[in-house]
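Here are a few exercises to work through with the model open beside you. Try each task before reading its solution.

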Amino acid sequence: MARLSESAVAKISEICGRYVDEPTPLMMILSDIQNEYGYIPLEVQEIVSEKTGISVAEIYGVVTFYSFFSLKPKGKYVIGCCLGTACYVKGGGQVFDKFSEVLGIKGGETTADGLFTLDALRCIGACGIAPAVSINGKVYPKVKVSDVPDIVASYKNA
Amino acid sequence: MSLVNIKIEGHPYQVEAGLTILEAAKRCGYEIPSLCTFNHGECNQGSCRVCLVEATGARGLVASCVYPVSEGMEITISSPKAVQARRTSVELLLSNHSTECQQCPKNGKCELYYAAQITGARNVNENGAKTPATVDEISPSIVRDTSKCILCGRCIARCGNAHGLSVLGFENRGFNTIVGPAENRSFMDSPCILCGQCVSVCPTGALMEKSEIGKIDEAKRVGKYIVVQTAPAVRAALGEEFGMKIGTPVTGKMVAALHRLGFDKVYDTNFGADLTIMEEANELLLRMKNGGVLPMITSCSPGWVNYAEYYYGDQLDHLSSCKSPHEMFGAIVKSYFAEKNGLDPKNIFVVSIMPCTAKKFEKERPQLVTNGLKDVDCVLTTRELGALIRRSGINFAKLPDEEFDQDLLGEYSGAGVIFGVTGGVMEAALRTAYHALTGREHDLIKFEQVRGLEGIKEASIDIDGTVVNVAVAHGMKNAKILMDEVRAGTSKYAFIEIMGCPGGCVAGGGQPYVKPCFLPDEDIDILDTYKQKRTAAIYSEDERQSVRQSHNNTQIQKLYAEYLGEPCGHRAHELLHTTYAARERFN
């Protein structure tokens, strides 16, 4: 198994240390690690297990239960296509498919160059500007299928 | 203890407050079907919904395994609504379950099958989608087939309760949920100690030992000389495979069955246990005399050895270098025994009947190969021996009592027998160490302080002024407490016995299932008492032996005089000792 750098081990230990007084600290620890690194691989779960005494199997169960947690690194730009009801009826599905075609990846996957991850989201509360796409927090309103190549290109060239 | 008045099916009863409806009903003589609950709430998820009943004061139907009784509660098990709900619950489980019941090795002992039978589940739609399944057959010990898993969580609870490990867990979400080691890995690629406790509680065929019966057929086909040996704990439980009461010792019938199964020699691993004691007791005395690493810790239990290699890789020099008894026995069969009988060791096939699934892995260890040959070739669990006997058309109950073959390796002492219970190895070793130090037998023979089922037992033995502190632990949860002291350098003991399974080998992962629904003649508290009953069967055999100490076994004395030389001597080291290596938990 790949070994983590000393600084990563120290950081994860520090995150675990933030919640020593909590009766059920696991969700908070995992949230912080997800925010810090963008993913929670097994090596990291092992350290959390050592620090908290919670078994690796249980931690893995929690990580795979919640879609917010990820086992694999996400791309530099995370493209979230909203497929909630309003976005979907306004053509969000086609927008999602176009991103998939342009990037050559399926939902949940990351491009080989590590630049883009494509996620399907369930309603981001932007129904008035449907179909909406969110890229690293920036929201694109009323996206048309024909806009997709330009949006991708703007990040590629950034 | 306060009591509450309840009614079940209109009949009044007084039961303890705080009981679940399921437990209360059981004590009043009712049997509500249930799957996910086990052993007084050791596992209690209320998830399978097979135990639904009507209870006044509750909205709708309640899961009786988690719903507590209260004063004045009226419980109805037999109402059409409750009957239909239980049936539907089972049908829903079956709709996402393997339908290969006839081929399933759990056939006849499956609690889901039984629940389907008694709830009348018939109308199963098998055409819907099924959860993608994983079959892990990589480990030599345990097979996991998630197509037969009902997500009851018993295995997860047992792994945690027995060992504090929880190697198994739920993973993924909703319809894709499965039970397995992290990352859905094989048991071999995760820090599983292969003890088989999960197998012993699984209600279905999702977790099973890996059968090796086929290897025996193959050995017979190619004309091997087959030597079989049986571990002490097997005789205390094998009868259960044939409907006998728990705690019935069946040594004579077991030997008779083995004689009829076409083995060339039928021996007792107890001879190997006596040999282990000779080596281990002397190793302890040498360590004490020469300032060696103390405490010394027993190495008979392969589950414990696996645990030590995964979790205490920096403390392995505390483990006795002695091979486990059946491995010692195998090594002697393929050397001394072969020589004496003019047999080619390559043509000898050693079969061990063990109460254990981890022994299947142990025999594959590269450290347990002597002169290019595995010490032991095949390990069957007690359950597999039951299957082998049934398959061969032998009526076990009608068998006469027969004796183990007596030539060369047939004699055994009471000390060898008690290896099957927690504290037994310690007691056996103390009997011999006492003699080695003083030249006298201990006048009590019994060392009561190390008997019984407490998680950790301690004793101080005064041997002519030398006080030896010892401890005994079983289940890795307890072992961890002692091992953390060892690692910290604060352990006050000279000698520690550790057994993988709680209760020792009598409650090993390869022993007959103790499932109350299949044991209508046993007491309702059988899950609380079966370990004591099997343990009593073992101690009774110790009492019956004329020789109670390993060093007084005349064939052991002869083996040393003619072949091995001194205990812990050069030849003994080559044949009877081994090494350990730290292992990555997730490689």
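## Working through chains A and B

**Exercise 1.** Keep in mind that this is a predicted model. In chain A, what share of the contacts between residues at least 6 apart in sequence join residues at least 24 apart?

*Solution.* Take the contacts in chain A between residues at least 6 apart; 62% of them link residues at least 24 apart. Next, look at the overall build: chain A has 6 helices and 4 strands, and from the N terminus they come in the order α-α-α-α-β-α-β-β-β-α. Of the 158 residues in chain A, 27% are buried.

**Exercise 2.** Find the domains of chain A and say how far apart their C-alpha centres lie.

*Solution.* Start with the bounds: domain 1 covers 6-65 and domain 2 covers 77-156. Then compare the C-alpha centres of the two, which sit 30 Å apart.

**Exercise 3.** Work out the strand order of the open sheet in chain A. Which strands stand at its edges?

*Solution.* Step one is the order, β2-β1-β3-β4 in chain A, with mixed pairing. Step two is the edges: β2 (116-121) and β4 (138-140) of chain A each have a single partner strand, so each has one side without a neighbour in the sheet. On average, neighbouring strands here are turned by 20° against each other, ignoring direction.

Step three zooms in on one pair. Strand β1 (residues 77-82) of chain A pairs with β2(A) in the parallel sense, over 6 bridges. One place to look is V78(A), whose bridge partner in β2(A) is T117(A).

**Exercise 4.** Which residues touch the most other members of the largest nonpolar core?

*Solution.* That core has 181 residues, and the ones touching the most other members are I21(B), V53(B), I75(B), C155(B), A429(B) and I496(B). Pick A429(B) and skip its neighbours within four places in sequence: its contacts are then I277(B), E280(B), A281(B), L284(B) and F495(B). There's also a second, separate core of 15 residues, with I79(A), C87(A), F116(A) and V148(A) among them.

**Exercise 5.** How many residues does each chain bring to the contact between A and B?

*Solution.* Chain B brings 15 residues and chain A brings 11. On the chain B side, strand β8 (residues 168-171) gives the largest share, 4 residues. Sorted by type, that side of chain B has 7 nonpolar, 4 polar and 4 charged residues.

Note on methods:
Residues numbered from 1 in each chain as written. Chains lettered and ligands numbered in written order. Predicted model: local features only at pLDDT ≥ 70, side-chain atom pairs only at ≥ 80, totals over all residues. Helix = DSSP H or I, 4+ residues; strand = E, 2+ residues; numbered from the N terminus. Buried ≥ 20, exposed ≤ 12 C-beta atoms within 10 Å, placed from the backbone. Contact = placed C-beta atoms within 7 Å. Core = buried A, V, L, I, M, F, W, Y, C linked by C-beta atoms within 7 Å. Nonpolar A, V, L, I, M, F, W, Y, C, P; charged D, E, K, R; others polar. Domains from an automatic or database assignment. Pairing = 2+ DSSP bridges. Axes fitted to C-alpha atoms, helices over the stretch in contact; angles between N-to-C directions.
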